[in-house]
Structure formats: C-alpha cells, structure tokens
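The structure is shown first.

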Amino acid sequence: MPIENLMEKLVSLCKRRGFIFQSSEIYGGINSCWDYGPLGVELKRNIKQDWWRRMVHLRPDIEGIDASILMHPDVWRSSGHVESFTDPLVDCKNCKQRFKADEIDGDKCPVCGGELTPVRQFNLMFKTFMGPVEEEASVVYLRPETAQGIYVNFLNVLNPSRQKLPFGIAQIGKAFRNEITPSNFIFRTREFEQMEMQYFVKPQEDEEWLEYWKEKRMSWYISLGIKKENLRFHPHTPEELPHYARKAYDIQYHFPFGWKELEGIHDRTDYDLSRHSEYSGKRLSYYDEGTKNHYIPYIVETSAGVNRTLLTILVDAYDEEPERVVLRLHPRVAPIKAAIFPLVKRDGMPEKARKIEELLRPHFNIFYDESGAIGRRYRRQDEAGTPFGITVDSQTMEDDTVTLRERDSMGQVRVKADDLITEIKRRIEA
Ligand code: GAP
C-alpha cells in the first residue's frame with residue numbers, strides 16, 4: 001500500500017530527527033539548498049564509504065582520485081559543456097516564472113495561464129570569477145560533473161598506477177548545475193554530490209562493459225536493501241542521450257513523484273579523451289603492449305548521485321505501523337548502529353550502560369539514552385533508523401547479559417555484553 005503524502009512526511013521526519021534542514025533557514029531559506037544534520041551527515045558518509053569500498057578498495061582494477069572543483073575553462077569548451085550542456089527554457093511574460101520547455105503541455109504558463117516567451121537554450125553551468133578582476137578572461141565554471149577531473153588526469157593516474165586496460169578511475173565530489181526547476185526536496189538541487197567511475201576499455205569492448213556495469217550498479221542498490229520492484233533500467237532514446245554518449249541507461253527508482261533517474265550508465269566512446277587530446281594538444285592515448293599500438297581508450301561511465309541515493313534510501317525505508325514510524329534502513333548505512341538504554345535510572349544500570357557504551361563506541365556510532373519510558377526511547381530510535389537497541393536491566397546486573405532488540409521485527413534476544421561487538425558486526429554484514 002503506498003503511503004499517503006510520503007514526501008511531506010519524510011521532509012518533516014528529516015527535520016525533526018536531524019537528517020536534513022533547509023539551508024540558511026533563519027534567513028528564510030535559499031531555494032534548493034539543503035544542510036545535512038547529525039544523522040544526515042552520517043547517512044551520507046556511510047553511502048559514500050560503501051560505494052568507495054565496493055568501487056575502489058575491493059577492486060584491484062580501479063583507482064581513486066580527488067580533483068579540483070574549479071578547472072581550466074578550456075576543459076568545458078573541450079568537453080562540449082559550454083556549447084551543449086543546456087536545457088530548453090521558457091519564461092512566462094506575466095508572472096515571470098521559468099519552466100523547462102520539455103516539461104510544459106501547451107503554450108500557456110501552467111501557473112497563471114500567461115503568454116510564454118519563445119524557447120531558448122539555457123546553459124546549466126554556474127560561472128564565477130577567478131582572482132580579483134571581474135572580466136570575461138577570468139571566468140571559471142563550477143564543475144557540472146566530476147567526470148572531467150578524471151579525464152584530464154588520465155595519464156597522471158595511468159603512469160604511476162601501471163594499470164592495464166580495462167581499468168577505472170573513481171571520484172566522489174561536489175557538482176553544480178543551475179537547474180531551471182530544482183524540485184522534490186533533495187532530488188534535484190543546484191549543488192549536489194556525485195560518485196562517478198570512468199572505466200577505460202579497448203574500443204571494441206565498450207558494449208560488453210556497458211552491460212557488465214549496468215548489472216553491477218543495479219546490484220549495489222539492491223545490496224543496500226532497496227526493494228527490487230522499485231528499481232528498473234531505462235534505456236535512453238536518441239533524443240534523451242547526453243551529448244557525449246553513444247548509448248546510455250538510467251537506473252530509475254519509483255519515487256512517490258514517478259519513475260526517475262537515480263544513476264546514469266553511459267558509453268562515452270572515445271569522445272572525451274579525443275576532445276581533450278585535440279583541444280590541449282596532449283595525446284591522451286594508451287600503449288597496448290599486446291598489439292604494440294597506441295590508441296584512445298573508450299569509456300564506460302557509472303554516474304550516481306549521493307543525495308539522490310540518500311533520498312531513495314529514505315523513501316524506500318520509510319514505513320508506518322499503527323504504533324510507530326520506522327525507517328527500515330540497511331544497518332550498513334544506518335547513521336546510528338545501536339542505541340544503549342538503561343531500563344531505569346538507578347540500581348547501577350546507567351553506570352553499567354555507560355561501560356557498554358565505552359566498549360562499543362570505538363567500533364560503531366552509538367547513541368546513549370536514559371530519559372523517558374523505554375517504549376518511547378525505542379520508538380525514537382525506530383524513527384531514526386537505528387537497527388539495534390541494547391537494554392541494560394536487572395538481569396544484566398546479575399549475569400552481564402543485555403537484551404538486543406532488532407528494529408524491524410522488534411524481536412529481542414539476550415546476549416552477553418562481551419559478545420555485543422561480534423554480534424552487532426555479524427548482523428550489520430548479514
Ligand atoms: N558524468 C555524467 C553525468 O553527470 P548525469 O546523468 O547528468 O550524468 C548523474 O548525472 C547523476 O548525478 C544523476 O543520475 C543523479 O543521481 C545526479 N544528479 C544529476 N543532476 C543532479 C541534480 N541537479 N541534483 C541532484 N542530483 C543530480
């Protein structure tokens with residue numbers, strides 16, 4: 001059963017529990033900018049860490065980098081972004097609102113019915129000025145994708161790492177787009193983070209690797225506990241293809257506002273490395289020891305959004321039961337792994353609970369709570385997505401066991417306090 005007004009409820013939960021706040025709220029907020037609070041920042045870090053572990057640490061064929069956000073402006077001329085990274089835009093002559101032309105039915109303003117301007121192409125890149133002088137020569141762009149930082153460093157990474165094709169370079173970082181219609185909470189914003197990986201392959205092997213990465217990336221979302229029935233592939237039609245891609249798939253998620261892109265997987269051919277070779281005069285090629293040939297590799301890209309993954313995880317995890325709201329977050333990404341509760345504030349229970357907290361804190365992000373009825377304390381953690389609750393009760397004082405409560409089933413087992421680290425680790429990895 002779909003949950004009614006899910007987005008409104010989620011936005012409110014995010015604020016209440018300290019996941020996400022409107023940026024600059026005390027000044028009335030700024031459209032499409034969001035701040036991540038104590039729980040939000042943990043969830044975001046866990047998503048990025050999991051991606052990095054699986055895409056870099058567990059793979060001998062992928063290297064990581066962290067490139068600068070500001071790059072030489074010629075990067076964006078070579079990449080085609082100055083010319084082609086545009087959205088068709090129309091303005092309402094009456095109420096002055098702006099719309100993406102391809103999201104409008106008919107030729108009247110959807111808000112006031114006013115007359116619309118003719119369509120014009122609007123470049124999505126943010127411009128700023130480098131140095132103290134504001135003139136055309138000092139214009140730089142905030143990167144609209146992290147990928148270009150990888151292409152321009154192709155040789156810098158290839159040479160010291162001594163990788164052979166096929167191999168990849170991965171990066172996580174901020175990107176900026178002056179979106180015409182940012183919308184749906186953190187789904188489409190003007191500042192966001194990407195987790196991108198560029199896989200360099202032999203020219204005739206691009207199709208095969210596109211299929212490989214499609215499946216790999218889909219399985220990552222499923223491994224994070226996202227329900228399979230809410231995920232699907234969407235092959236790009238020729239009209240939808242970005243300017244750099246020959247073939248592309250989106251992984252889409254079934255959001256309350258429709259099926260929407262979560263990640264893009266693109267066959268970028270030799271487009272990027274060829275263009276950078278041409279414009280910079282430095283040949284970004286690969287020497288194939290097998291064939292004794294120099295050639296420009298093809299690129300298969302996997303491009304995911306951190307914030308969009310986070311929203312997907314929250315939407316998919318949100319659940320309502322008669323007695324409680326529960327975020328069924330996968331323990332791997334949950335901001336707090338376990339909460340510790342002394343049943344009552346006496347008989348040595350708080351002291352014992354604090355000792356257990358000390359034992360666990362070096363291993364997990366832990367929350368200690370001794371105030372209020374135990375049921376309410378459980379509910380608060382259910383809403384925060386904390387997968388495990390540890391309660392110290394009178395039996396703990398006798399035999400050093402605690403109850404370990406599991407968030408989703410609310411089932412409880414007794415565990416020796418000394419075994420908690422192993423037990424929680426086992427359950428997180430299960
Ligand atoms: N390098 C290729 C590239 O940037 P994209 O399909 O434009 O491809 C990739 O973007 C991913 O980045 C999207 O699937 C989405 O997760 C995220 N993303 C793009 N624009 C976004 C925005 N305005 N707000 C939040 N996330 C965005």
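## Ligand surroundings

The ligand is surrounded by 22 residues, of which the closest are Glu-145, Glu-179, Glu-196, Glu-261 and Glu-301; a residue counts as near if one of its heavy atoms lies within 4 Å. This is a predicted model, in which local features need pLDDT of at least 70 and side-chain atom pairs count only at pLDDT 80 or more, while totals for chains, interfaces and linings use all residues. Residues are numbered from 1 along each chain as its sequence is written, and side-chain values use heavy atoms, with hydrogens and water left out.

Polar contacts are pairs of N or O atoms within 3.5 Å. In the side chain of Arg-177, an N or O atom is 2.8 Å from an oxygen atom of the ligand. Glu-179 has a side-chain N or O atom 2.8 Å from a nitrogen atom of the ligand. Gly-305 contributes a backbone N or O atom, 3.0 Å from a ligand oxygen atom. The protein buries 93% of the 560 Å² that the ligand exposes when taken alone, with accessible areas from the Shrake-Rupley method and a 1.4 Å probe.

## Helix 2 and helix 7

Helix 2 (residues 38–57) and helix 7 (residues 206–223) have axes that come within 12 Å and cross at roughly 145 degrees. Helices (H or I, at least four residues) and strands (E, at least two) are DSSP runs numbered from the N terminus. Axes are lines fitted to C-alpha atoms over the stretch in contact, and angles run from 0 to 180 degrees between N-to-C directions.

From helix 2, Ile-47, Asp-50, Trp-51, Arg-54 and Met-55 meet Trp-213, Arg-217 and Trp-220 of helix 7, where contact means heavy atoms within 4.5 Å. By class, this contact has five nonpolar, no polar and three charged residues; Ile, Met and Trp are among those counted as nonpolar, and Asp and Arg among the charged.

## Two loops

Most residues other than glycine have a negative phi, and most peptide bonds are trans. Leu-165 and Pro-166 are joined by a cis peptide bond, with omega about -5 degrees. Pro-166 is in the loop between helix 6 (154–161) and strand 9 (167–176).

Ser-32 has a positive phi, near 70 degrees. The loop that holds Ser-32 is between strand 1 (20–22) and strand 2 (34–36).

Definitions and conventions: A polar contact is a pair of N or O atoms within 3.5 Å; within protein, one must be able to donate a hydrogen and the other to accept it, and residues adjacent in sequence count only if both atoms are side-chain atoms.
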